[in-house]
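Biologist: I have this one open on my screen now. Can you walk me through it?

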Amino acid sequence: MAQRNLKQARLGAPGNEEGAGAGATPATAAGRRVQLPDYETIALTLQGGGALGAYQAGVFQGLHEAGIEPNWLAGISIGALNTAIIAGNPPEQRVERLLQFWETICQPAFGPPLPAFIEHAFFNSSDAVRKAFTATQAIGALVEGQKGFFVPRFPPPLPTVSGPPQAASYYDTAPLKATLERLCDFDRINSREMRVSVGAVNCGTGNFAYFDNTHTALRPEHFMASGALPPGFAAVEIDGQYYWDGGLMSNTPLYEVVQTTPRRDTLAFQVDLWSAIGPVPDNITDVQGRMKDIQYSSRTRLVTDMLQRSQRFRHVLREVLDRVSPDERDDPWCRLAEDLSCSKRYNVIHLIYRQKEYEGHYKDFQFGLSTMREHWQSGLDDIRHSLAQPDWLAMPDNDAGFVTHDIHRDSR
């Protein structure tokens, strides 16, 4: 199923006409195009998670099939790299370019990949064989690197020997810069056809920073900085400052989208790669994986809950002010309330990757082609299922003016 859909993506899925907007209605192979309410912002926010990021590509393919074209992309880490590929290409080429990117970085950096029939046989064998096979691929990533992404430094860095910050890492990401330059048109990204934001952490100040094409001309380095997870990847220098992976501080860009001012009616597709829900581990190896799930998913839950509460206060305040007589509206407290209130509405559709039984703690650096295709298909299935739910895309009409949906949560 995954290979059939990816082949369809390579050739261009039916209905991928250039410029088709959110209100388009022609049918696609997966079903009808959806008709959206008049949201001012349609955002796609992409979390970090390394090799799991192929799930985000599947989600984007599903949005593209449905004729939903975001006007704001925000990403962190691997989400920033997917953002660059999407924003750096015309609409009719975005799914194809994502596929080229993922098929590139899911190959070994130096040696040839396994013949497809051998990989397919291992991957589709028993759970024990599959787990051993994918663990071997993860070890290969650590030892050899990934094509068009990163390679080990030779000689490797010594723990106490100082050098330039750009070399203080176990891997060199120069191949990633070449890949981004090959697959992305940075003039298109900076044309502001859509808003693009990617998050990183300033190594010197510890402050979180968003690089945004409405304020800055974005280069490959901005996207690479967002994914520069130490000590594997070195800090990236931008205008005399050094930056690391934004996931060190916050792994979800949803806050940036929902808190921006002036506020706008917003539909946000939040694509997470780490699930808060999972099995209780019963061995040390699985403990490491579960720790990552909880560490990187917790921020999304915290941010979403906080945003929903704060928007409810603003929305209720707006409703109360509308009931105040015009004679009282010049009162200083009323004027302050006007500044704090908000009648805008926010709809957040969560797409959260669910770990497979065979995956271990190395799932974020296990770049196998078969695994990539399965991740991609999971994202495509989840977004198709989400878009098929009645009323999920409607403007919120509750007292908070803020709703969230999650196909896995709501189906339990």
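Biologist: Which residue in β5 is the bridge partner of isoleucine 76?

Modeller: Glycine 199 is the bridge partner of isoleucine 76 in β5. Keep in mind that this is a predicted model, where local features need pLDDT of at least 70, side-chain atom pairs count only at pLDDT 80 or more, and totals for chains, interfaces and linings use all residues. Residues are numbered from 1 along each chain as its sequence is written, and side-chain values use heavy atoms, with hydrogens and water left out.

Biologist: How many bridges are there between β2 and β5?

Modeller: Five, and strand β2 (residues 72–76) pairs with β5 in the parallel sense. Strands (E, at least two residues) and helices (H or I, at least four) are DSSP runs, numbered from the N terminus. Two strands pair if DSSP finds at least two bridges between them.

Biologist: And β6, parallel or antiparallel to β5?

Modeller: Antiparallel, over five bridges, with β6 covering residues 208–212. Alanine 200 has alanine 209 as its bridge partner in β6. The two strands form a hairpin with five residues between them, and glycine 206 in the turn has a positive phi of about 75°.

Biologist: Which way does β8 run against β5?

Modeller: Strand β8 (residues 241–245) is antiparallel to β5, joined by three bridges. Tyrosine 243 in β8 is the partner of asparagine 202.

Biologist: Why is β5 called largely enclosed?

Modeller: Because seven of the eight residues of β5 (residues 195–202) are buried. Buried means under 20% relative accessible area, exposed over 50%, and partly exposed in between, with a 1.4 Å probe and protein chains only.

Biologist: Switching to β9. How many of its residues are buried?

Modeller: Seven of seven, over residues 266–272. Thr266, Ala268, Gln270 and Asp272 point one way, while Leu267, Phe269 and Val271 point the other way.

Biologist: Which strand is joined to β9 by six bridges?

Modeller: Strand β1 (residues 41–46), and the two run parallel. Strand β10 (residues 346–352) also pairs with β9 in the parallel sense, over seven bridges.

Biologist: What are the bridge partners of phenylalanine 269, then?

Modeller: Leucine 44 is partnered with phenylalanine 269. In β10, the partner of phenylalanine 269 is isoleucine 349.

Biologist: Why does valine 129 count as partly exposed?

Modeller: Because its relative accessibility is 33%.
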